[in-house]
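Here is a walk through one protein model and its ligand. Keep the structure open as you read.

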Amino acid sequence: MSENTYKEPAPYHKGAENPFESMMIRFDKAASMYKLDEGLYNYLKQPVKQVIISIPVVMDNGKLEVFEGYRVIHDNILGPSKGGIRYAPDVDLDEVKALASWMSWKCAIASIPFGGAKGGVRCDPSKLSMSELEKITRRYTSSLLEIFGPDTDIPAPDMNTNEQVMAWIMDTYSMHERKTVTGVVTGKPLVIGGSRGRTEATGRGVMIATLAALEKKGVKPELTTCAVQGFGNVGSISAKLLSEKGVKIVAISDVTGGYYNKNGIDVGKAIDYVRNNGSLKGSNIGTSITNEELLECDCYILVPAAKEDQITEENASRIKARLIVEGANGPTAASADKTLEEKGIMVIPDILANSGGVIVSYFEWVQDRLGYFWDEPDVNNRLTRMMNEAFENVYKTAMEYATSLRLGAYIYAIDKVSKVLKLRGIYG
Ligand code: NAD
């Protein structure tokens, strides 16, 4: 095996819960509260398609390497399936299945006409050259040509994939179609059919959902403090937009560690620092804290925007925040739900809180199909309207069932998807 490729698989979700099981625990609870018909339950709990492919690539040193790739379509009841592709050394079928189901519920809650999907390639992009990444992406795409398509299944970026990867997917698909098909992926660069506002969309959605929750609680944003875990796309934009609304950001962190400043962190300065230095390390914008300490720090709002399983049965009892807004996918393990609920902490679940990204991805797909592109205020106004509607629908459902926003979100999604499934009927 060559030096610049991944060697040993990293331990799979070390110490964490299996993400598919974590998702299923919530789904099962919601399905039972909703009294979902057993047949429909059996239909919705499993993905409709799971594909595993081998991706042979001749590496820069001339050696042949084979990577494993996945695409899971959880459902395509509301429309073509939609979901990102992640490149990571420890990605596996279970993780992709969980993420695909989350996409189904997320799209249903956001009222966009998509089912849920997700994809992944087991590789370590930090050890791959651009040319190797491009070969992996093109071969992955060509192996899934029958699956992908603007009317069938539409990928997007996820962990370690970006605009460039989307451009390669779009080009590979288009070469086989003998015409440019921009609508086959979202998250593309603006010049080849991307949407204005997409980069900020998830963080903007987090900000909108946070303000909606504060309004329900009767708390003014200017009187609140917030800690944000993860300072990448979602975390940094959430922090920036929340601070613009008057929320005092008292703690931020990334994989290198965090900082706490009770007088408030200058988010713009932190973003500039990361842009110039690659991470928050050495920024000294407050007192140094660990990521674990950030989660438990004194703040009103906590935005976990880094990765899965950060809030667990072990640390849930020590969390001081009164509102958790899940920027990341799956940051709260199912085992922590009970403690958070008992403590009266409001949790805006990932499938609602971070849906701004897929909503603007939907706008991108619409614009590609129209061939007409909107201004940024248009995008942001439509996003604000759709996020607020989604929040309200979930909130009402949670009230109706006297349950948490998380289970309310699942119930709302199950209701919508199962009703459409009944209307369409089962072919066969
Ligand atoms: P990103 O790669 O831009 O940023 C991730 C950030 O988390 C980085 O600052 C990184 O240093 C930090 N981080 C990584 N491991 C950490 C750890 N162990 N402790 C603390 N910080 C750590 O990624 P992103 O696009 O901001 O995505 C973050 C999360 O949001 C992921 O769960 C992703 O699936 C989810 N999400 C992203 C989008 C989107 O549009 N980008 C949409 C929906 C959900």
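Start where helix α5 ends: Arg178 follows α5, and its phi is positive, near 65 degrees. Helices (H or I, at least four residues) and strands (E, at least two) are DSSP runs, numbered from the N terminus. This is a predicted model: local features need pLDDT of at least 70, side-chain atom pairs count only at pLDDT 80 or more, and totals for chains, interfaces and linings use all residues. Residues are numbered from 1 along each chain as its sequence is written, and side-chain values use heavy atoms, with hydrogens and water left out.

Now take α5 itself. The helix covers residues 163-177, 15 residues in total. From first C-alpha to last it reaches 21 Å, close to the 21 Å expected at 1.5 Å a residue; the expected span is 1.5 Å times one less than the number of residues.

Which residues of α5 are buried? They are Val165, Met166, Ala167, Trp168, Ile169, Met170, Thr172, Tyr173 and Ser174. Buried means under 20% relative accessible area (1.4 Å probe, protein chains only). These buried residues pack against β3 (81-88), α4 (130-143) and β5 (153-157).

Move on to helix α12 (residues 356-370), which holds Gln367. Gln367 is buried, at a relative accessible area of 1%. A polar atom of the Gln367 side chain lies 2.9 Å from the backbone nitrogen of Trp374. Setting aside neighbours within four places in sequence, Gln367 is in contact (heavy atoms within 4.5 Å) with Ser195, Tyr372, Phe373 and Trp374.

Look at the individual atom pairs. A ligand oxygen is 2.6 Å from an N or O atom in the side chain of Thr202. A ligand oxygen is 3.0 Å from a polar backbone atom of Phe231. A ligand nitrogen is 3.4 Å from an N or O atom in the side chain of Asn291. How much of the ligand's accessible area does the protein cover? The protein covers 73% of the 820 Å² that the ligand has on its own, by the Shrake-Rupley method with a 1.4 Å probe.

Note on methods: Polar contact = N/O pair within 3.5 Å; in protein donor to acceptor, adjacent residues only side chain to side chain. Buried < 20%, exposed > 50% of the residue type's maximum accessible area, 1.4 Å probe, protein only.
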